[in-house]
Amino acid sequence: MPDEPVVREEAPGLGLLGPRTRHLVALEFGSKAQFDDPRQEWRRLFSELLGTFFLVLVAAGGGILHGEGQISLAAAVVAPGLMVMAIILFMGAVSGAHLNPGVSLAFALRGDFPWKRVPGYIIIQLIGATLACLFLRAVFGDVQHLGATLPGPGYANWQALLMEVVLTVGLVSVILGTASAAQNVGAIAALGVGGYIALAGLWSAPVSGTSMNPARSFGPALASGDFSSYWVYVLGPVAGAVIAVGCAYVLRGRGGDPISYAAGSGELDPGARREKQRLSQEIDRGEGNPPGVGG
């Protein structure tokens, strides 16, 4: 593998490592310089399209098969969490694996993601979700509302709305606490985010369907033509994302600083803010290595 120059802003300490080691670390934790490079935006958008396609394929497909009595509810709600784990690990370093308009909005509100990139991410996420549901419609036909998220039997829209708000607060809080700036990268983020999605679905799916994602709900609604309760799955996740950003400010202060870049590698232990800030500043100046990387 040819030796590649390491941009100081992205990972200065990695210059002390061999090219293969630097490549492996970049695959897991990403490159901030490349993530900010406008010339690579097409690649990031394709990554979001592909990732959202697979997420909605599993989430809505599981809903269809559960509705048909072919898989259990537990399998239907755990599968999207496992898919998100895989997506973060295989493409988080490219686009950040947002996969969710609420997540892109939260990163922008934190100051870690440029507002000018938010519309592109949201549009491509909606397209990916729609393509997944069109595929499901071609395979299964227009059955079970194509896995749409709807309030469960006996529950009103307002109950599903409140559930979506609270669940999204938890999801986005996990994402903001484990992401590296605006990128979901590495095993910590994969386990945290994927595990939360599975856990939330295991207990709350009968109430609201556990969407927490306007794109996940948009695809089935558009493909099936049923937008009757879609507003619940826009207002709820967006409100939850905004609340989660407020919680993140209380817990860790403002975003857009070196500390937020270190979160994805586990540098957000309680009570160590000053040490984390020193470490992250050293990494930015090229005087240290990222956590877990030898000298």
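Biologist: What makes Q144 partly exposed?

Modeller: Q144 has a relative accessible area of 36%. Buried means under 20% relative accessible area and exposed means over 50%, with partly exposed in between (1.4 Å probe, protein chains only). The value for Q144 falls in between, so Q144 is partly exposed. Before we go on, please note that this is a predicted model, where local features need pLDDT of at least 70, side-chain atom pairs count only at pLDDT 80 or more, and totals for chains, interfaces and linings use all residues. Residues are numbered from 1 along each chain as its sequence is written, and side-chain values use heavy atoms, with hydrogens and water left out.

Biologist: Where is Q144, and what is its phi?

Modeller: Q144 is in the loop between α6 and α7. Its phi is near 50 degrees, a positive value in a residue other than glycine. L99, in the loop between α4 and α5, also has a positive phi, near 60 degrees.

Biologist: Why is L99 called buried?

Modeller: Its relative accessible area is 3%. That is under the 20% limit, so L99 counts as buried.

Biologist: How many helices and strands does the chain have?

Modeller: There are twelve helices and zero strands. Helices (H or I, at least four residues) and strands (E, at least two) are DSSP runs, numbered from the N terminus. Of the 295 residues, 50% count as buried.

Biologist: How do you know that the span of helix α6 agrees with its number of residues?

Modeller: The expected span of a helix is 1.5 Å times one less than its number of residues. For the 23 residues of α6 (residues 118-140) that gives 33 Å, and the end C-alpha atoms are 33 Å apart, so the two agree. After α6 comes G141, with a positive phi near 85 degrees.

Biologist: Which elements cover the buried residues of α6?

Modeller: The cover includes α2 (32-36), α3 (41-67), α4 (73-95), α5 (101-110) and α9 (214-224). Among the buried residues of α6 are Y121, I124 and L136.

Biologist: Why are α3 and α6 called oblique to each other?

Modeller: Their axes come within 7 Å and cross at roughly 40 degrees. Axes are lines fitted to C-alpha atoms, for helices over the stretch in contact, and angles run from 0 to 180 degrees between N-to-C directions. Angles under 35 degrees count as roughly parallel, over 145 as roughly antiparallel, 65 to 115 as roughly perpendicular, and the rest as oblique. Roughly 40 degrees belongs to the rest, and therefore α3 and α6 are oblique.

Biologist: What about α7 and α10?

Modeller: The axes of α7 and helix α10 (residues 232-252) come within 7 Å and cross at roughly 40 degrees. That makes α7 oblique to α10.

Biologist: What makes I175 buried?

Modeller: I175 has a relative accessible area of 4%, which is under 20%, so I175 is buried. I175 is in helix α7 (residues 157-178).

Biologist: Which residues is I175 in contact with, leaving aside its neighbours within four places in sequence?

Modeller: I175 is in contact with V103, F107, N184 and V193, where contact means heavy atoms within 4.5 Å. V103 is 72 residues from I175 in sequence, and their C-alpha atoms are 8.0 Å apart in space.
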